[in-house]
Amino acid sequence: MPGPRLQSPGLRALRPVAFGADPSGERMARIRRSPHFKNGVFQNPGGDARIRPSGSTRDLAKIYLDKDSRSRRAPKGAVPVYPTTLADISRPPADGLRLTWMGHSSVLAEIDGHRVLFDPVWGERCSPFPFAGPRRLHPAPLPLAALGPVDVVVISHDHYDHLDLPTIKALAGTDTLFAVPLGVGAHLEHWGVSAGRLRELDWHETTKVGGLTLTATPARHFCGRGLRNTQHTLWASWVVAGDEHRIYHSGDTGYFDGFRDIGADHGPFDATMIQVGAYSDFWPDIHMTPEEGVRAHLDLQGGDPAAGVLLPIHWGTFNLAPHAWAEPGEWMKDAAEEAGQAVAFPRPGEPFEPAGKLPVEAWWRAVSGPIAHPWRRPRGAEGAVEASRADLDLAGER
């Protein structure tokens, strides 16, 4: 089975450090032994997924360059970031579980006396270069050092908007452990994280961190940081279970039937963190729309909208898709309302407890242009919403 092609010393010297490192040695041997690695690459559940934009490059460029479209992809004013303080996140949560969305897919989860940091991105750009690439649309709610000690950092995959070199280098100087998908450890070791602090998992593998059990679960996405994408690092969603609570972080993923299996094996969950931004008809296999996000949450909860809270992630911080900046929040509000699903809409940096009062204000409307609702179904005479099984697949039999 072919492995990664070796680069000459000269080419390696020109390689930006943010590209990370390709797996090699025993790590690559372990990758080759994975049941999810075939024909030299990691495979997606449910068959091949299109990882390159479909349609014509001209059509995609036309959307991105359109003046009106560009204006809708950014807020019209300052995003109302919550002024998080150490006091907000140092008091133990009353019910044992508290989530703080830091923007995009970064979430601090305080669960049963432990602190888990998912996909931390504190850098100014999600890019290998400090001078180019998507720039933050709002500042980080608080400095990374102000978070205090973290028991484990969980990484979903190695794309720049989830695995951020400046953030990892800062965390490398702490005592925290890192739970990462198979192969991703090569990047972290390259950036100064010792092998002894890595917990590198294939799908369905589990590790213990204190009183927590962390399980890497399938997702439908892809990987890669350099100019040559070898597909030699895995992508994953994650289940974190404590003594009293269970939470789920989707990472990046398209919708697939595997959510039901994850829920059956590990759920139900007190809260799910579900990717619902950066979707497009140009890449429908690898990112979910808000409607699909609600469907995924319900699959994970065995179809019960009362089983837990949904926190939408992967939106609001970077401009990564043709849709309007605030569209994921607005459409999620509609889709969740139709499904009868509890959803938290915190401002970036706003802590909340899933068992307590949820933040539900549509805060983005103050800095957003009008959002179209082309799929919204009509309301009945009494204001009830007719849920469509074809669109949301929320039939009672599930």
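1. Ground rules. The model is predicted, so local features need pLDDT of at least 70 and side-chain atom pairs count only at pLDDT 80 or more, while totals for chains, interfaces and linings use all residues. Residues are numbered from 1 along each chain as its sequence is written, and side-chain values use heavy atoms, with hydrogens and water left out.

2. Helix H9. Helices are DSSP runs (H or I, at least four residues), numbered from the N terminus. H9 spans residues 290-300. Of its 11 residues, 11 are buried. Buried means under 20% relative accessible area (1.4 Å probe, protein chains only). Among them are Glu291, Arg295 and Asp299. Just after H9, Gly302 has a positive phi of about 70°.

3. H9 against H10. Two packed helices are described by the angle and the distance between their axes. H10 covers residues 327-339; its axis comes within 8 Å of that of H9, and the two cross at roughly 45°. Axes are lines fitted to C-alpha atoms over the stretch in contact, with angles from 0 to 180 degrees between N-to-C directions.

4. Who touches whom? H9 supplies Pro290, Glu291, Val294 and Leu298, and H10 supplies Pro328, Trp331, Met332, Ala335, Ala336 and Ala339. Contact means heavy atoms within 4.5 Å.

5. Cysteines. The whole structure has zero disulfides, a disulfide being a pair of cysteine sulfur atoms within 2.5 Å. Cys126 is buried at 8% relative accessibility. Cys223 is buried at 1%.

Notes
Buried < 20%, exposed > 50% of the residue type's maximum accessible area, 1.4 Å probe, protein only.
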